[in-house]
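Have a look at the sequence and the fold, then read on.

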Amino acid sequence: MAVSIEDVKRLKDLTGVGLTDAKKALDENDGDFDKALAEMRKKGMTKAEKRGEREARQGVVGTYNHDNRIGVLVEVNCETDFVARNEIFTDMVKDVAMHIAASSPQYVSADDIPASDTAAKKQELLGSDALAGKPADMAEKIVEGQLKKYFAERCLLDQPFVKNPDQTVGEFVKEHNARLGENIVVRRFSRIALGEVA
């Protein structure tokens, strides 16, 4: 299968490797972008993931106000003040804040979901009529899949990015890791909608 130059560039930007390595990974995986990216991650070739180990304590608190009805504050961290003042970084923060306003996530990532929320949702799903009469091990597998889907829809980094639904917000942030050469972390956010009761 022919490898598109767009995919090569996208893989290069996302991983921080050279064009040759990106093309080679796509060639080896018959042009399948997701498989190529997964393979590079297995081999530890993505520079963005190595950056993830470095501490990010600089950054900005970004804001977004939609029609004076929805307001968002989001803290996004990077490693240096230089990147924090970079227009590419600040534009990315605005885009993340806009996404939060539009998609109303509850958590930043799966790591932020309290065990009590997971347990409560699991009990609710296990008690559903659809699972009545199913063997316990099958019901458990079905519920695990439902839980994963349910929380992916509520975790900011797992949601499809509103400006490009072909990538998640997490992938959008990783793309900027590679572009800016620094570890970038969405730390926390707060979303307020007019008339919404907490």
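Gln58 stands opposite Cys78 in strand S2, and Gly62 stands opposite Val74 of that strand. Strand S1 and strand S2 (residues 70–78) pair in the antiparallel sense over nine bridges; two strands count as paired if DSSP finds at least two bridges between them. S1 and S2 form a hairpin with three residues between them, and Asp67 in the turn has a positive phi of about 55°.

Before going further, a word on the ground rules: this is a predicted model, where local features need pLDDT of at least 70, side-chain atom pairs count only at pLDDT 80 or more, and totals for chains, interfaces and linings use all residues. Residues are numbered from 1 along each chain as its sequence is written, and side-chain values use heavy atoms, with hydrogens and water left out. Helices (H or I, at least four residues) and strands (E, at least two) are DSSP runs, numbered from the N terminus.

Now zoom out to the sheet. Three strands make up an open sheet in the order S1-S2-S5, with antiparallel pairing. Strand S1 (58–66) and strand S5 (185–193) sit at the edges with a single partner strand each, so one side of each is left without a neighbour in the sheet. On average, neighbouring strands here are turned by 10° against each other, direction ignored. Helix H6 packs on this sheet, touching S1, S2 and S5, and its direction makes about 140° with that of S2. Contact means heavy atoms within 4.5 Å.

Next come the helix pairs. Two packed helices are described by the angle between their axes and the distance between the axes. Axes are lines fitted to C-alpha atoms, for helices over the stretch in contact, and angles run from 0 to 180 degrees between N-to-C directions.

| Helix pair | Axes come within | Crossing angle |
|---|---|---|
| H6 (residues 87–103) and H9 (residues 169–180) | 11 Å | roughly 175° |
| H7 (residues 115–126) and H8 (residues 136–152) | 10 Å | roughly 130° |

The angle between H6 and H9 makes H6 roughly antiparallel to H9, whereas H7 and H8 are oblique to each other. The cut-offs are these: under 35 degrees is roughly parallel, over 145 roughly antiparallel, 65 to 115 roughly perpendicular, and the rest oblique.

Which residues do the touching? In H6, Ile88, Phe89, Met92, Asp95, Val96 and His99 meet Val169, Phe172, Val173, His176, Arg179 and Leu180 in H9. By class, this contact has eight nonpolar, two polar and two charged residues. Over at H7 and H8, the contact includes Lys121, Lys122 and Leu125 of H7 along with Glu140, Val143 and Glu144 of H8. That one has seven nonpolar, two polar and five charged residues. For the classes, Ala, Val, Leu, Ile, Met, Phe, Trp, Tyr, Cys and Pro count as nonpolar, Asp, Glu, Lys and Arg as charged, and the others, Gly among them, as polar.

Is Met92 buried or exposed? Met92, found in helix H6, is buried, with a relative accessible area of 1%. Buried means under 20% relative accessible area, exposed over 50%, and partly exposed in between (1.4 Å probe, protein chains only). Not counting residues up to four places away in sequence, Met92 touches Val76, Phe172, Val173, His176 and Ile184. The C-alpha atoms of Met92 and Gly62 are separated by 9.5 Å, with the two residues 30 apart along the chain.

His176, in helix H9, also counts as buried, at 6% relative accessibility. Leaving aside neighbours within four places in sequence, His176 is in contact with Ile88, Met92, Gly181 and Ile184.
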